[in-house]
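Subject: Structure for your review

Dear colleague,

Please find below the structure that I am handing over to you. My notes on it follow, and I would be grateful if you read them alongside the coordinates.

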Amino acid sequence: MGLSGISLLTTTYSLILQHQSLLLCLRAKGFGLDLKKDMEGVDYLSDERKKAQFDVEAMKIAWAGSLEAFQLSDRMAKLVANDPAFEKFTRPMLGRKELIKNTLRKAAHGWKLIVDLRLTEEEAKWLRLYIDEPAYTDLHWGMFIPAIEGQGTEEQKKKWLPLAKKMQIIGCYAQTELGHGSNVQGLETTATFDPQTDEFIMHSPTLTSSKWWPGGLGKASTHAVVYARLIVGGEFHGVHGFIVQLRSLDDHSPLPGVTVGDIGMKFGNGAYNTMDNGVLRFDHVRIPRDQMLMRVSQVTREGKIMQSDVPRQLIYGTMVYVRQTIVADASKALSRAVCIATRYSAIRRQFGSRNGGPETQVIDYKTQQSRLFPLLASAYAFRFVGEWLKWLYTDVKERLAANDFSTLPEAHACTAGLKSLTTSFTADGIEECRKLCGGHGYLVSSGLPELFAVYIPACTYEGDNVVLLLQVARFLVKTVSELGYKKPVGTTAYMGRVASLMQNNCAVQTAEGWLNPGAVVEAFESRAARMAVRCGQQLAKYENPEEGFAELSADLVEASIAHCQLIVVSKFIEKLQQDIPGKGVKQTLEVLCYVYALFLLHKHQGDFLATGYLTPKQASLANDQLRTLYSKVRPNAITLVDSFNYTDHYLGSILGRYDGNVYPKLYEAAWKDPLNDSDVVDGFYEYVQPILKQKLRTAKL
Ligand SMILES: CCCCCCCC/C=C\CCCCC/C=C/C(=O)SCCNC(=O)CCNC(=O)[C@H](O)C(C)(C)COP(=O)(O)OP(=O)(O)OC[C@H]1O[C@@H](n2cnc3c(N)ncnc32)[C@H](O)[C@@H]1OP(=O)(O)O
Ligand SMILES: Cc1cc2nc3c(=O)[nH]c(=O)nc-3n(C[C@H](O)[C@H](O)[C@H](O)COP(=O)(O)OP(=O)(O)OC[C@H]3O[C@@H](n4cnc5c(N)ncnc54)[C@H](O)[C@@H]3O)c2cc1C
């Protein structure tokens with residue numbers, strides 16, 4: 001028997017098993033049979049797994065970054081998955097109060113594990129990630145502590161960090177107000193120095209100065225780093241961070257002068273509603289002078305302002321740190337959605353049955369592949385650019401500690417730009433995965449609605465994505481304007497070759513010609529350079545540069561996107577120049593890298609054509625190559641998503657189950673819905689029966 005014959009047999013066998021299992025479930029409802037008799041333990045995706053052309057265990061390590069990173073993450077994932085305290089499937093059905101209480105319970109259980117098992121900070125971070133429920137602890141560990149670490153003096157760190165790290169105080173990051181989020185310099189909360197008492201008076205002078213949004217503020221935090229206008233001697237000295245106690249450490253009641261609460265329900269069921277985003281007002285609340293974070297500026301006992309030799313922008317340092325983590329998080333969110341959509345696409349069959357044989361797996365439709373595989377490739381691309389960005393951030397941090405501030409502007413531009421690029425793409429990608437799963441993707445049990453609802457605010461928090469791309473644009477315009485006398489370095493080094501990038505056109509002549517890293521990078525460099533230079537030329541026509549910047553801002557955003565896409569493509573290619581062990585691992589990643597780059601080239605071909613770098617023929621050859629690449633991804637699709645090493649608990653999706661046992665489990669889950677507790681719905685006798693029994697007088701009806 002040939003290979004195709006074997007495959008047909010095994011597929012048919014899988015189908016029969018699925019069918020039997022479904023029958024068992026159907027009977028379970030009608031005849032009280034044991035549901036456990038469905039085909040549990042059968043791997044419906046085993047045929048797919050046999051198609052892999054690479055070593056999946058080695059790919060898991062490549063995805064995790066190292067063997068140690070893989071083992072750590074795997075350990076934490078299993079710890080959470082095997083602990084019933086972290087059950088999350090009922091979350092979307094809980095009311096707000098139950099939801100928050102449940103989250104507090106999970107956070108407490110998580111902390112107990114961290115303490116009892118003496119987990120390291122890294123292990124604890126992964127544990128929280130796999131608990132997979134937004135909670136006040138995200139902000140405590142993710143922003144409050146980093147703000148003190150980055151902006152506090154040595155003395156302040158010595159006092160506050162041990163308290164925070166032992167969770168003897170709980171903190172949040174209170175920057176945004178009702179009236180201003182993006183415009184940080186426009187914040188209205190005041191911190192006025194009182195030289196008589198050596199204190200700051202924290203005050204909310206207007207309604208719009210109310211702090212609004214900080215996570216963990218609403219119900220959990222005892223403390224906050226509050227961003228406020230520093231006023232000394234009646235003069236404004238910029239926005240600074242202040243550590244302010246909000247609630248009693250005994251009974252958690254708000255301290256005198258503090259008004260604090262939750263801002264209310266947000267988008268989706270469950271989702272981000274496990275977080276107590278809060279509102280906060282101060283009525284002349286006094287704090288000691290040494291609670292202003294003083295690494296950047298100091299206020300002396302006499303009321304003098306002293307500036308350190310660190311740049312003022314360091315006050316924004318926590319945002320740079322968090323934006324970097326958000327890029328890493330984008331690859332997690334996108335890979336989760338892609339894992340669900342890929343596994344389900346291999347299980348789902350529609351049309352194409354011949355002679356009574358099985359129908360076509362929807363993953364075999366070219367349209368499905370052209371929507372799904374670029375998302376799969378992007379998940380890998382974001383993973384590797386996130387890894388690089390973490391390195392960049394660590395490097396900047398070390399330089400800052402040694403008073404070298406030269407790379408801060410680039411770190412700001414890269415974190416802002418990549419945060420924007422990856423979160424926007426991921427938010428759209430999760431929704432695309434929902435559509436790739438057809439109707440079942442709309443069920444909460446698919447995991448996709450909640451993932452989408454939790455994820456989309458990432459396009460807004462830590463900086464609105466458009467506002468952040470405009471920051472990248474400022475950096476690019478500055479780089480272009482300085483080209484005559486300053487050699488660009490780092491991610492803008494390519495601008496140093498601007499003359500040739502403006503002149504040379506693409507040399508690719510065949511579809512295979514696109515399988516060349518040099519050709520790909522040059523195409524992205526030329527497009528980015530040409531778009532930035534064009535913006536620079538347009539801007540030069542304006543007398544007032546700010547007016548020109550505002551007028552051209554939509555074009556500037558596009559130039560920033562081109563620059564950021566170049567970074568992602570280049571970092572993927574650089575990753576492939578490293579030693580990546582494991583049979584077929586590097587080759588498979590190369591295919592994904594080309595899929596990512598050529599998909600972008602196809603999607604944005606308007607840019608590549610309009611800048612004159614590509615001819616329509618060359619763009620069309622790139623698309624031909626892309627189709628060929630999809631065929632190369634196809635046999636590896638399931639094992640590429642297995643390589644994320646996600647537990648079924650973390651995925652939280654019936655459609656994305658590792659064993660592919662989708663239909664019986666969907667059926668079983670439906671019967672667990674509280675609506676199905678009784679056959680006759682609550683409210684039937686009050687609201688439905690009277691309609692059924694009515695005697696209508698209107699003849700026409
Ligand atoms: C199912 C469960 C799943 C769980 C998933 C959990 C996911 C977990 C991941 C993450 C958790 C995240 C939790 C989210 C919490 C959210 C928190 C927040 O949102 S905090 C608030 C964030 N706010 C912002 O980001 C505000 C945005 N605005 C700004 O950053 C700035 O004001 C600005 C718009 C960038 C600048 O405005 P402006 O033009 O007025 O600038 P100036 O203040 O005048 O400064 C100009 C110069 O400073 C440079 N600059 C600006 N920012 C920085 C910076 N950060 N670092 C370095 N330099 C900076 C700027 O470039 C100018 O430089 P020059 O041109 O003068 O050289
Ligand atoms: C779930 C969630 C959690 C959050 N957690 C926290 C937290 O823990 N702590 C905290 O301090 N904050 C938090 N925030 C607030 C968040 O940081 C802000 O909402 C964010 O920075 C955007 O600011 P904004 O709301 O003022 O938007 P706006 O700036 O008002 O944006 C509205 C629109 O105006 C556009 N726009 C604004 N400025 C410009 C410009 N210069 N040029 C062109 N277009 C512009 C934007 O693109 C957007 O389309 C959170 C927000 C959310 C949604």
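This is a predicted model: local features need pLDDT of at least 70, side-chain atom pairs count only at pLDDT 80 or more; totals for chains, interfaces and linings use all residues.

Ligand 1

The shell around ligand 1 holds 31 residues, and the closest are V184, Q313, Y316, H412 and G463. Two or more residues come from each of α7 (136-151), α9 (317-347), α11 (408-436) and α13. The greatest contribution is that of α9, which supplies six residues. By class, the shell around ligand 1 comprises 13 nonpolar, twelve polar and six charged residues. Because domain 2 (139-308) and domain 3 (318-353 + 360-642) both give residues to this shell, ligand 1 lies between them.

Ligand 2

Around ligand 2 there are 21 residues, of which Q175, T176, G181, S182 and W213 are the closest. The elements that contribute two or more residues here are β1 and α13 (465-481). With three residues, α13 has the largest share of this shell. Eleven residues of the shell around ligand 2 are nonpolar, nine are polar and one is charged. Domain 2 (139-308) and domain 3 (318-353 + 360-642) each provide at least three residues to the shell around ligand 2.

Strand β1

Strand β1 spans residues 171-174 and is covered on both faces. In a regular strand, side chains alternate between the two faces of the sheet. In β1, G171 and Y173 lie on one side, C172 and A174 lie on the other, and all four are buried. The partner of β1 is strand β5 (residues 223-232), to which β1 is joined in the parallel sense over four bridges. Within this pairing, G171 is opposite H223 of β5.

Annotated spans

Yours sincerely

Terms used:
Residues are numbered from 1 along each chain as its sequence is written. Chains are lettered from A and ligands numbered from 1 in the order in which they are written. A residue is buried if 20 or more other C-beta atoms lie within 10 Å of its own, exposed if 12 or fewer, and partly exposed in between; C-beta atoms are placed from the backbone. Two strands pair if DSSP finds at least two bridges between them. A residue is near a molecule or strand if its C-beta atom, placed from the backbone, lies within 6 Å of it. Ala, Val, Leu, Ile, Met, Phe, Trp, Tyr, Cys and Pro count as nonpolar, Asp, Glu, Lys and Arg as charged, and the others, Gly among them, as polar. Domain bounds come from an automatic or database domain assignment.
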